Amino acid sequence: MPIVLDDVTKIYPGQERPAVDRVSLDLPAGHTTVFVGPSGCGKTTTMRMINRLIEPTSGTITIDGEDNRRLDADTLRRSIGYAIQASGLFPHMTVAQNVATVPRLLKWNKKRTRERVDEMLELVGLAPGDYRDRYPAQLSGGQQQRVGVARALAADPPVLLMDEPFGAVDPITRASLQDELLRLQSELHKTIVFVTHDFSEAVKLGDRIAVLGPGSSVLQFDTPEAILANPADDTVAGFIGDDAALKTLTLRRVGDVDLGTTTTARVSDDPAEFAARLRRSDDEWAVVLDEAGRPVRWVRGDRVAQMPDLGSGGQLVSGTVTVDSTLQEALDGLLSTASATTVVVDRDGAYRGTIGIDDLVDELRRIHHRHNDAEPAAPADRAGHPDPADPS
Ligand SMILES: Nc1ncnc2c1ncn2[C@@H]1O[C@H](COP(=O)(O)OP(=O)(O)OP(=O)(O)O)[C@@H](O)[C@H]1O
């Protein structure tokens, strides 16, 4: 469902200056649009006018071609999910009751509601048997946010409004919730409007970013890559910060680059045979994998022959990144472990290869060349992120 804002203004009672001043925006169906801008610029007000939690003073908002003032409350609830910062869960209700909020309002029967609640909890990575009957206070912040997302998705709305939904959690949980949202969106293709004041989050999640200024004036509306390469003006450039090149690393996933390879062995392999194999390769270091193919230790080639078995010795593998991690996260991992190379695993934790500082430098160079060769910015070609300009 596309959403179109046409000349929308909101003046709060008693205020002279509009909180939102004549905003027009076309939000493409099935894609994620991120509103990003400084505190108080009217992001929340603009978003809340879409589901009519706030009535515009003038202008129209259409959802799938229909003026939202003509949609009754039930239709709005069915078509628009809403997730907010700090999850906004009802504290006196269990997780299941929270997730069932909209299905109950829509008068679904008990069986259908229960099945849907369990399906949604599975979807956001919470085992229904463990979490269904807990109260929000018995969950971590990240788990509460997951329940908030499950609640917003419960009635399978084609539109999802998310107002700083991950603002109140620590950076690591935040990154994993963002990954989860990207995974969900690659399956669900909702029309998502996401509000944040964190430009890096906007770059990671948005197919398009609307950079908003005072009164929600649209300073720039484009793909993250185009905005990073060619900020419309000094205000946008200032908002991006000095590290546009580094932020560009957020646009690429570890799985998109050619991974390095290194010699590997299983814990149960014979050290002498492994040492011989290592001598034939040029690898100074090798990775020992457990029986499930997960990396356990780095071992040095010249030490392997003296090891009684491969089940001990060497250095524990730490700071692994997954194929879904962004290159920015890979860089953080490399810096935090102070190593030049880190191990890449797939979603099940199995070894996939390695990535090093040199790969990131090469990638930055490629991005730099592409934008210097092609002005204006080339359209984004992010793997897993359809180009909003191309509905196919
Ligand atoms: N109910 C209200 N009555 C009067 N003014 C309001 C009301 N709600 C918001 N405002 C004002 O409208 C402007 C826009 O607020 P809004 O919450 O939409 O901004 P925002 O960009 O989402 O901010 P933040 O990032 O801090 O959440 C602000 O100046 C705010 O003070």
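Helices (H or I, at least four residues) and strands (E, at least two) are DSSP runs, numbered from the N terminus. This is a predicted model, in which local features need pLDDT of at least 70 and side-chain atom pairs count only at pLDDT 80 or more, while totals for chains, interfaces and linings use all residues. Residues are numbered from 1 along each chain as its sequence is written. The chain has 16 helices and 17 strands.

**Overall build**
- The C-alpha trace of the chain spans about 80 × 55 × 35 Å along its principal axes.
- The chain has 392 residues, of which 40% count as buried; buried means 20 or more other C-beta atoms within 10 Å of the residue's own, exposed means 12 or fewer, and partly exposed lies in between, with C-beta atoms placed from the backbone.
- Among contacts with a separation of 6 or more, 65% join residues 24 or more positions apart; two residues are in contact if their C-beta atoms, placed from the backbone, lie within 7 Å.

**Domains**
- Domain 1 covers 3–240 and domain 2 covers 243–303 + 313–383, with bounds from an automatic or database domain assignment.
- The centres of the two domains, taken over C-alpha atoms, are 33 Å apart.
- Contacts between the domains involve 14 residues of domain 1 and 13 residues of domain 2.
- On the side of domain 1 that touches domain 2, α8, α9 (199–205) and α10 (224–229) are the elements that give two or more residues.
- The most come from α10, with 5 residues.
- By class, the residues on this side of domain 1 are 8 nonpolar, 3 polar and 3 charged; Ala, Val, Leu, Ile, Met, Phe, Trp, Tyr, Cys and Pro count as nonpolar, Asp, Glu, Lys and Arg as charged, and the others, Gly among them, as polar.

**Ligand surroundings**
- The residues around the ligand are Y12, Q15, A19, G37, S39, G40, C41, G42, K43, T44, T45 and H197, where a residue is near if its C-beta atom, placed from the backbone, lies within 6 Å.
- This shell has 3 nonpolar, 8 polar and 1 charged residues.

- Most residues other than glycine have a negative phi.
- H189, in the loop between α8 (171–188) and β8 (191–196), has a positive phi near 50°.
- H189 is partly exposed, with 14 other C-beta atoms within 10 Å.
- S216 also has a positive phi, of about 60°, and is found in the loop between β9 (208–212) and β10 (218–222).
- S216 is buried, with 29 other C-beta atoms within 10 Å.
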